[in-house]
Amino acid sequence: MKKSTNRSGRREFLRSTGALAGAAAVGTLAPFGIARAQSAKLKVGLMLPYTGTYAPLGNAITNGFKLAVEERGGKLGGREIEYFVVDDESNPAKAPENTNKLVQRDKVDVLIGTVHSGVAIGMAKIVRETGTLWIDPNAGADEVTGVLCAPNIFRTSFSNWQSTHALGKVLKKEGHKTAVFITHKYAAGEQMKEGFREGFEKEGGKLVKELYLPFPQVEFQALLTEIASIKPDAVVSFFAGGAAAKFLKDYAAAGLKGKIPLYGSGFLTDGVLDAVGSDAEGVETTLHYADGLNTPKDKAFRLAYAKAFKLQPDVYAVQGYDAGQLLAAGLEAVKGDMSRKAEMIKAMETAKIDSPRGQWTLSKAHNPVQDMYLRKVVGKENKVQYVAWKALADPARGCKA
Ligand code: PHB
């Protein structure tokens, strides 16, 4: 069997994508990975939060990814998978060390991760230097498919901008002229606020106040009191995981539910409805996934996921599943031979992903171009209302690849 070095594959990849100058600028002269026979197991590094407020998200992504692999007989492009797992604790300060555990120590062929935008920025720096193939299955940091974009960087989730941009139209349609945005103070919250502000202002709305608390604090009381005194037409919010569940309960307990309508990016209500109960009823959010899509693909996915994990899937499970599908598309095109980088990247770039969320493709910057649904909490479901924005593409500001 032909053993080709990944170093030559990397050069060929850079030449064929015209990325040599850009790569040199960021010092990308290291090999893509270590040389490995095509028959060897494919080393997949999972860098995700398995502890802390985002732990359920990391677990759902892991489950979704593994389901995509299992549906292909446990192999991608003919190669069995060996998993290497690191809990990143959603801690940006530890991101370089944790990324290097997988990239330098374990020498993974592909890196899958993560959830937290701040951690993702740390990962991006290392994969740009080493040329490691990276698929981001959640973290929305605009930079990942913006100023830090690169041929070896892919995302199967969303950009932060994308997740709230359609809300401007929705609020306008529902008669709201002023809004307050409330979120954790870090890249994801601030960028989702910006995506919303842009969309809302285009519709003539005004963002009258931004309220922040440090990640991952959940003492919302003082900010809720402030909202009550501002009396905006609407409140728009980003929280996720355990923090989202507590925010929804506290919003109702503060007497704001039913008085000032609550909106958000869909992370606010995804994966938390069992824990929150009726306090979330009626909350409207935009997201690239929803309950009640009722497509054959979504039905099959939900059934398979529930059977495998005894759990209902959520948006995070879908993003992990699609990371598996995207990687499969690349590896199948080169029959598992990752030294054929240019071909593999091309196959990933042009893949049409048959996702439970609906079919999507990648933008030039490697971010999904996808429909954004308006969803409304009805009982335990984020019920789809309508497509709030068809095929929304992130503007990819600063991406030069
Ligand atoms: C992020 O930090 O990018 C992030 C975290 C959790 C979400 C969405 C985005 O649900």
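Reader: What gives the most to the lining of the largest pocket?

Author: Helix H3 does, with 4 residues; lining residues have an atom within 4 Å of a point on a 1 Å grid over the protein atoms alone. Please keep in mind that this is a predicted model, where local features need pLDDT of at least 70, side-chain atom pairs count only at pLDDT 80 or more, and totals for chains, interfaces and linings use all residues. Residues are numbered from 1 along each chain as its sequence is written, and side-chain values use heavy atoms, with hydrogens and water left out.

Reader: Why is the largest pocket said to lie between domain 1 and domain 2?

Author: Domain 1 (6–158 + 294–366) and domain 2 (162–287 + 374–392) each give residues to its lining, so the largest pocket lies between them. The bounds come from an automatic or database assignment, and the domain centres, taken over C-alpha atoms, are 29 Å apart.

Reader: What makes the one space a pocket and the other a cavity?

Author: A pocket is an open set of points with protein on both sides within 12 Å along at least five of seven lines, while in a cavity a 1.4 Å probe fits but cannot get out. The largest pocket holds about 540 Å³ of space. The structure has 2 cavities of 30 Å³ or more, and the second largest cavity holds about 90 Å³.

Reader: Where does the second largest cavity lie, and which residues are nearest its centre?

Author: Domain 1 and domain 2 both contribute to its lining, so the second largest cavity also lies between them. Of its 16 lining residues, Val115, Asn138, Phe158, Tyr186 and Phe238 are nearest the centre. By class, this lining has 12 nonpolar residues, 4 polar and no charged.

Reader: Why are strand S2 and strand S6 placed at the edges?

Author: The open sheet has 6 strands in the order S2-S3-S1-S4-S5-S6, with mixed pairing. Strand S2 (75–76) and strand S6 (153–155) have a single partner strand each, so one side of each has no neighbour in the sheet.

Reader: How do you know that strand S1 and strand S3 pair?

Author: Pairing needs at least two DSSP bridges, and 7 bridges join S1 (residues 42–48) to S3 (residues 79–87), which run parallel. Valine 44, for one, has tyrosine 83 in S3 as its bridge partner.

Key:
Grid points are joined across faces, edges and corners, and a volume is the space filled by probe spheres set on the points. Helices (H or I, at least four residues) and strands (E, at least two) are DSSP runs, numbered from the N terminus. Ala, Val, Leu, Ile, Met, Phe, Trp, Tyr, Cys and Pro count as nonpolar, Asp, Glu, Lys and Arg as charged, and the others, Gly among them, as polar.
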